[in-house]
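Reader: I am new to this structure. Please show me how to read it, one feature at a time.

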Amino acid sequence: MRVIGFAGWSGAGKTTLLARLIPVLVARGHSVSTLKHAHHNFDVDKPGKDSHTHRMAGATEVLVASANRWALMHELRGAPEPELLELLAHLAPVDLVLVEGYKRDHHPKIEIHRAEVGKPFLHPEDPHIVAIASDSALPDVALPVIGLDDVEAIADAVERHAVPVERVPWRLPDPQAAG
């Protein structure tokens with residue numbers, strides 16, 4: 001299983017890009033999973049559903065299954081947020097895992113940059129960024145720069161730079177690393 005991340009500020013277009021990139025990678029014969037960091041209070045469950053009732057009653061884990069899919073919800077109940085490596089271990093084996101967020105972790109990443117967001121680049125402070133997908137030309141950047149709309153070229157970069165999970169130099173836990 002190989003991993004590569006997509007890092008950038010909110011509004012840069014990470015999710016939009018992944019929605020366009022995943023079908024390209026699948027068409028190239030790869031099995032693909034994603035892992036996305038979310039903000040503290042996200043919830044995939046809804047009040048009134050049995051699974052929500054079970055969680056609110058105190059269940060640590062609730063697994064919901066049907067003929068079409070299954071989902072496991074795990075309540076941390078005050079425990080520390082799991083590290084990226086621990087979360088990757090929960091995924092079934094696939095060819096590629098695309099990680100959205102976790103911009104401070106040490107896996108290879110493609111920086112997503114949109115000029116109109118007006119935020120600073122991440123790559124000067126992150127040696128794990130291997131390329132930049134941008135909506136503008138960046139002539140003074142030493143890294144490969146790919147047009148944000150050139151999904152085929154971004155897929156090429158994913159295939160070239162994704163590394164096996166066991167080769168990532170995972171860092172020591174840092175409570176502020178998610179995001």
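Reader: Which residue in β5 does arginine 2 stand opposite?

Author: Arginine 2 stands opposite leucine 96 in β5. Before going on, note that this is a predicted model, in which local features need pLDDT of at least 70, side-chain atom pairs count only at pLDDT 80 or more, and totals for chains, interfaces and linings use all residues. Residues are numbered from 1 along each chain as its sequence is written, and side-chain values use heavy atoms, with hydrogens and water left out.

Reader: What makes two strands a pair?

Author: Two strands pair if DSSP finds at least two bridges between them. Strands themselves are DSSP runs (E, at least two residues), and helices are runs too (H or I, at least four residues), each numbered from the N terminus. Here, β1 (residues 2-7) is joined to β5 by five bridges, and the two run parallel.

Reader: In which sense do strand β2 and β5 pair, and over how many bridges?

Author: Strand β2 (residues 32-36) pairs with β5 in the parallel sense, over five bridges. Valine 32 is in strand β2. In β5, valine 32 stands opposite leucine 96. Leucine 96 also stands opposite arginine 2.

Reader: How do I read the two sides of a strand?

Author: In a regular strand the side chains alternate between the two faces of the sheet. Take β5: Leu96, Leu98 and Glu100 point one way, while Val97 and Val99 point the other way.

Reader: Is strand β5 mostly covered or mostly open?

Author: Strand β5 (residues 96-100) is mostly covered, with five of its five residues buried. Buried means under 20% relative accessible area, exposed means over 50%, and partly exposed lies in between (1.4 Å probe, protein chains only). For the chain, buried residues make up 40% of the 179 residues.

Reader: Which residues does valine 32 touch?

Author: A contact means heavy atoms within 4.5 Å. Leaving out residues up to four places away in sequence, valine 32 touches Ile22, Leu25, Val26, Val94, Leu96 and Leu98. Sequence distance and spatial distance are separate things to read. Valine 32 and valine 94 are 62 residues apart along the chain, yet their C-alpha atoms are separated by 5.9 Å.

Reader: Where does valine 26 lie?

Author: Valine 26 lies in helix α1 (residues 14-27). It counts as partly exposed because its relative accessibility is 46%. The C-alpha atoms of valine 26 and leucine 96 are separated by 9.8 Å, and these residues are 70 apart along the chain.

Reader: What share of contacts joins residues at least 24 apart?

Author: Among contacts between residues at least 6 apart in sequence, 59% join residues at least 24 apart.

Reader: What joins β3 to β4?

Author: A hairpin joins β3 to β4, through four residues. Strand β3 (residues 61-65) and β4 run antiparallel, with five bridges between them.

Reader: Where is arginine 77?

Author: Arginine 77 is in the loop between β4 (70-74) and α3 (84-88). Look at its backbone: arginine 77 has a positive phi of about 50° although it is not a glycine. Arginine 77 counts as partly exposed because its relative accessibility is 48%.

Reader: Is tyrosine 102 buried or exposed?

Author: Tyrosine 102 is buried, because its relative accessible area is 4%. Its place is in the loop between β5 and β6. Tyrosine 102 has a positive phi, near 50°, and is a residue other than glycine.

Reader: Which residues does histidine 123 touch?

Author: Histidine 123 touches Glu111, Ile129, Ile132, Val141 and Leu143, not counting residues up to four places away in sequence. It lies in the loop between β6 (109-113) and β7 (129-134). Histidine 123 counts as buried because its relative accessibility is 17%.

Reader: How many helices and strands does the chain have?

Author: The chain has four helices and nine strands. Along the sequence, the pattern is β-α-β-α-β-β-α-β-β-β-β-α-β. The chain's radius of gyration is 18 Å, close to the 16 Å that the globule rule gives for 179 residues, so it is as compact as a globular protein of that length. That radius is taken over C-alpha atoms, and the globule rule is 2.2 Å times the number of residues to the power 0.38.
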